[in-house]
Amino acid sequence: MTTALAERHERLDQAVLAPLRRTTWRFYVWTAFLLAVVGWGLYAYSVQLRGGLAVTAMRDKISWGIYISSFVFFIGISHAGTLISAILRVAHAPWRMPITRMAEFITVVALMVGALMPLIDLGRPDRLANMFIFGRWQSPLLWDIFSISTYLGGSMLYLYFPLIPDFALARDRLGPDASPLRRWTYTTLAVGWRGALTQRRRLALAMGMMMVIIIPVAVSVHTVVSWVFAMTLRPGWNSTVYGAYFVAGAIFSGIAMLLIVMAVLRKIYHLEEFITVKHFRYLGYLMGAFTVIMVYFVLSEYVTIGYKLPEGEDRLLAELFTGRYALLTWGYLFGGLLVPALIVFLPWTRRIGLIVLAAVLVAVFMWIERFLIVVPSLQVPQMPYEPASYFPSWVEWSILAGSFGLFALIITLFSRFFPVVSAWEVKEQDELELAPAHAAAAHGTPVSAPSPAGD
Amino acid sequence: MNTEKGPKWITVGPVLLLALAMSMLSAGPALAQENRAPTVLTVAAADEFDLGQSGLIIATLTDKTGKPIAGARVTYVTPAEFAGAVAEVDLGESETDENGQARLVYQFRTEGRIQIVARYFGNERYQPVQSSVAVTVGGTAQLYQPKAGLQIPVFGSWTLAAILLGVWSVYFVSLAVVWGIARRPAGGEV
């Protein structure tokens with residue numbers, strides 16, 4: 001290995017291990033803030049447990065609200081890991097290496113938080129047991145439980161396997177910077193990794209099996225989530241394209257969330273050399289491509305509904321486009337689709353800051369889009385009564401904030417205790433891409449050191 | 001003192017005629033009833049049925065002498081209560097054959113003690129009549145089978161279990177492969 005490459009890899013190790021070595025006051029302040037948010041959410045949940053679901057704005061006519069909207073949202077962003085880590089791995093896209101770890105743990109954390117939302121929506125958490133005792137195989141709700149738990153199990157394995165060499169790195173390099181408990185943890189989780197050829201083959205085999213199986217599992221998860229709605233006859237939900245629509249929306253919002261997390265962690269942990277503008281641009285292109293796909297699905301869905309106007313759908317369309325949800329709907333179309341597409345497709349706006357802004361817009365408006373899927377359809381009367389209205393109570397808003405706080409908290413803690421960049425994969429990719437050039441340079445042909453800017 | 005004394009039959013007569021007409025109107029049906037032949041209706045069914053089982057109910061209509069009455073319409077009902085209201089639920093109708101027997105095949109969808117009332121409304125020749133029988137319906141069969149839903153031929157719901165089993169098997173196999181990493185490399189190979 002040439003000196004330049006070795007130095008780059010040493011910088012990578014230092015950057016990856018730095019968060020594990022020391023903690024600044026900013027970390028404690030941020031964690032305390034998140035704990036406060038989560039704590040407030042827990043308090044609101046305790047109010048809900050004592051007072052029942054009557055403390056929310058959900059009633060008999062509108063029985064799903066922001067809890068289920070958030071459930072769909074979180075399960076959606078979990079697709080980031082599958083896309084970046086699995087699909088791009090299968091496609092042998094080399095640029096994915098520095099960001100696969102972040103994508104994989106976003107998946108796991110999003111699934112964990114998302115799976116809590118239906119439990120919160122249930123009211124009495126003990127009734128979860130009824131899903132297993134009295135569950136019907138014909139019910140999409142039961143399919144949901146099995147698919148999400150299967151995806152969570154697979155995602156945890158898919159997060160853990162590539163971490164093994166980095167656990168070994170932490171085991172070998174942290175030294176006295178880590179407590180005995182942490183050194184023991186890293187040693188145990190590294191399962192004796194020494195980088196031997198047989199070990200590498202085993203790891204490659206296991207990762208290969210998981211990367212292939214996790215893709216259909218991820219697609220099935222959000223398809224099944226969509227079927228919770230599409231298997232009903234409600235206006236707006238009774239759609240045959242919901243499976244594909246939800247999967248596309250999941251990947252779309254997952255990319256956005258990955259961009260946001262990437263930008264934050266890159267800034268905080270000084271990973272600019274390894275996560276470059278190229279990664280933001282490429283993810284931006286993917287996000288832009290999915291913007292087009294989402295526009296297509298929106299057109300496909302609403303044009304066919306608007307042309308036929310079946311019973312109840314006319315009322316739904318009126319509420320969405322000219323009624324009480326018009327602001328949210330048009331906001332989603334412009335702010336969540338058009339503006340991000342313009343940002344990523346126009347050359348002069350294709351900068352990290354603006355790409356991240358586009359990602360923030362996508363994330364916010366995709367949550368709103370999930371809300372627009374869930375609530376307006378429930379407001380269309382199924383019998384001759386006046387439509388009900390829904391505005392979340394403080395309990396619901398607090399629990400929502402707590403769920404996002406929990407999401408951020410787990411990511412924060414993960415980044416503190418586990419390497420956020422897959423160092424060994426970056427090194428392997430560097431050796432594949434850069435080592436031949438540097439070897440040529442060592443024999444007299446001039447070559448530049450690896451550019452921190454990437455491309 | 002009444003100074004005008006007409007004959008009494010002028011005031012009494014119309015009253016008598018009116019009374020006679022009213023009594024004839026009210027007595028008409030009774031007279032007609034008396035002219036119609038009395039009938040006898042017996043209802044027979046098995047004592048016990050399983051929930052969801054179809055059972056045969058036979059009503060036999062004869063005149064007083066035992067002669068079967070053919071071509072008569074017999075209606076079957078059962079008293080029922082729902083939300084505090086009591087009414088009769090129609091079970092069906094059938095016509096008597098040459099033996100005077102009217103048959104009804106009925107699927108019992110409610111468990112408990114069921115009263116079946118057979119009723120003949122009569123005609124110009126025969127008087128109306130009804131009779132009843134009680135049957136016991138028991139069991140816990142699931143009668144409603146929804147048509148909608150996922151119906152996978154042969155394997156049914158086990159298809160889902162098989163898919164889940166397959167996926168989790170891959171997980172465990174990959175975990176076992178990774179567990180082999182814990183074995184020390186032979187000869188210190190790198």
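**Why is it called that?**

Author: A:Val191 sits in the loop between α8 (180–189) and α9 (197–230) of chain A, where helices are DSSP runs (H or I, at least four residues; strands are E, at least two), numbered from the N terminus. By the way, this is a predicted model: local features need pLDDT of at least 70, side-chain atom pairs count only at pLDDT 80 or more, and totals for chains, interfaces and linings use all residues. Residues are numbered from 1 along each chain as its sequence is written, chains are lettered from A and ligands numbered from 1 in the order in which they are written, and side-chain values use heavy atoms, leaving out hydrogens and water.

Reader: OK, what makes the phi of A:Val191 worth a mention?

Author: The phi is near 40 degrees, which is a positive value in a residue other than glycine.

Reader: And why does A:Val191 count as buried?

Author: Buried means under 20% relative accessible area, exposed means over 50%, and partly exposed is in between (1.4 Å probe, protein chains only). A:Val191 comes out at 9%, so buried it is.

Reader: A:Leu309 has a positive phi too, near 45 degrees. Buried or exposed, or partly exposed?

Author: Partly exposed, because its relative accessible area is 41%. A:Leu309 belongs to the loop between α11 (277–308) and α12 (313–321) of chain A.

Reader: Now the helices. What makes α10(A) and α14(A) oblique?

Author: Start with the numbers: the axes of α10(A) and helix α14 (residues 352–379) come within 9 Å and cross at roughly 140 degrees. Axes here are lines fitted to C-alpha atoms, for helices over the stretch in contact, and angles run from 0 to 180 degrees between N-to-C directions. Under 35 degrees is roughly parallel, over 145 roughly antiparallel, 65 to 115 roughly perpendicular, and the rest oblique. The pair is therefore oblique.

Reader: Which hand does the crossing of α10(A) and α14(A) have?

Author: Left-handed: the near helix is turned anticlockwise from the far one by less than a right angle (clockwise would be right-handed). As for what meets there, the contact residues divide into 19 nonpolar, two polar and three charged. In that count, Ala, Val, Leu, Ile, Met, Phe, Trp, Tyr, Cys and Pro are nonpolar, Asp, Glu, Lys and Arg are charged, and the others, Gly among them, are polar.

Reader: How do you know that α5(A) and α7(A) are roughly antiparallel?

Author: The axes of helix α5 (residues 100–122) and helix α7 (residues 140–173) of chain A cross at roughly 150 degrees, coming within 9 Å. That angle puts them in the roughly antiparallel class, therefore the name. The crossing of α5(A) and α7(A) is left-handed.

Reader: What puts α13(A) and α14(A) in the roughly antiparallel class?

Author: Helix α13 (residues 326–345) packs on α14(A) at an angle of about 155 degrees, with the axes 9 Å apart. They are therefore roughly antiparallel, and α13(A) passes α14(A) in a left-handed crossing. Their contact residues divide into 15 nonpolar, four polar and one charged.

Reader: A:Glu369 lies in helix α14 of chain A. Why is A:Glu369 called buried?

Author: Because its relative accessible area is 2%. Leaving aside neighbours within four places in sequence, A:Glu369 is in contact (heavy atoms within 4.5 Å) with A:Tyr245, A:Met294 and A:Tyr332.

Reader: Last one: what makes a group of residues a nonpolar core?

Author: The members are buried Ala, Val, Leu, Ile, Met, Phe, Trp, Tyr and Cys residues joined through side-chain atoms within 4.5 Å. The largest such core has 146 residues, and those with the most contacts inside it include A:Met102, A:Phe229 and A:Leu258. Helix α10 (residues 242–268) of chain A gives the most to this core, with 17 residues. Apart from that core lies another, of 24 residues, among them B:Ala59, B:Leu104, B:Ile116 and B:Ala118.
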